[in-house]
Amino acid sequence: MSAERHPEKRVAFEPPVDPTTADPAMRRPASIVTGSVLVLLRAAAGALWAASVAFSLPPWLRAFAGAASGNADEPLDLSVSDLGVGTAVFLGVLGVVCAVQVVLGIRIFFGGNLARVLVMVISVGSISASFVGWWTYGQQITVNTTLITLSLDILVLLALSSRDAAAYARRPGRRPRRRRDRRRRGADAAEAV
């Protein structure tokens with residue numbers, strides 16, 4: 001056996017990237033942009049589905065909304081009264097959900113690590129729910145049912161779990177300013193005068 005080492009070979013495991021080695025002036029990686037766009041697309045698909053249930057939309061748009069939400073097998077005459085809630089309550093709850101997704105997508109775009117991790121946890125939950133539905137209840141995963149949302153969740157996980165995305169979200173030197181720091185700077189400026 002040779003004691004010679006091959007520098008071009010990589011080890012079977014790699015240690016986690018140290019977030020302190022990332023440059024604070026790092027450019028926004030494509031994985032962050034892709035992940036935030038996918039989260040915003042999920043919010044738009046949810047809003048379209050909510051509108052298709054709450055209001056009478058054309059059949060082609062209702063079919064598109066059903067496919068985007070993962071429920072294309074729903075009848076075209078589904079309405080809010082079928083769900084047993086009022087229109088205002090239904091639109092209010094789904095409006096809050098869509099607004100939270102939009103806020104998370106924007107926070108991810110600007111490098112929020114908590115938003116990135118939260119979206120990844122939600123995606124894992126959605127993927128797990130699709131698996132449980134398939135395994136336990138025999139629900140089919142097709143283009144007309146949950147394949148679109150499942151693929152979006154997988155793409156979100158792939159984009160936001162990359163090393164570049166993690167390094168960008170955890171880069172040092174970009175902490176938000178706190179009131180105490182602003183007051184201290186104001187006091188220092190007043191003393192300098």
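**Surface, fold and rings**

Tutor: Gladly! The protein chain has an accessible surface of about 13000 Å², and 64% of that belongs to carbon and sulfur atoms; such areas come from the Shrake-Rupley method with a 1.4 Å probe. This is a predicted model, where local features need pLDDT of at least 70, side-chain atom pairs count only at pLDDT 80 or more, and totals for chains, interfaces and linings use all residues. Residues are numbered from 1 along each chain as its sequence is written, and side-chain values use heavy atoms, leaving out hydrogens and water.

Student: Why is the pair of Phe109 and Phe110 called edge-to-face?

Tutor: Rings of Phe, Tyr and Trp (its six-membered ring) pair if their centres lie within 6.5 Å, and planes over 60 degrees apart count as edge-to-face. Phe109 and Phe110 are 5.3 Å apart centre to centre with 80° between the planes, so both conditions hold. The whole structure holds four aromatic pairs.

Student: Why is Phe109 called partly exposed?

Tutor: Buried means under 20% relative accessible area, exposed over 50%, and partly exposed in between (1.4 Å probe, protein chains only). Phe109 has 28%, so it is partly exposed.

Student: How do you know that Arg28 lies over the face of Phe109?

Tutor: The rule asks for NZ of Lys or CZ of Arg within 6 Å of the ring centre and within 35 degrees of the ring normal. Arg28 is at 3.9 Å from the ring centre of Phe109, and Arg171 lies over the face of Tyr168 at 4.0 Å.

Technical notes: Phe/Tyr/Trp six-rings, centres within 6.5 Å; stacked < 30°, edge-to-face > 60°.
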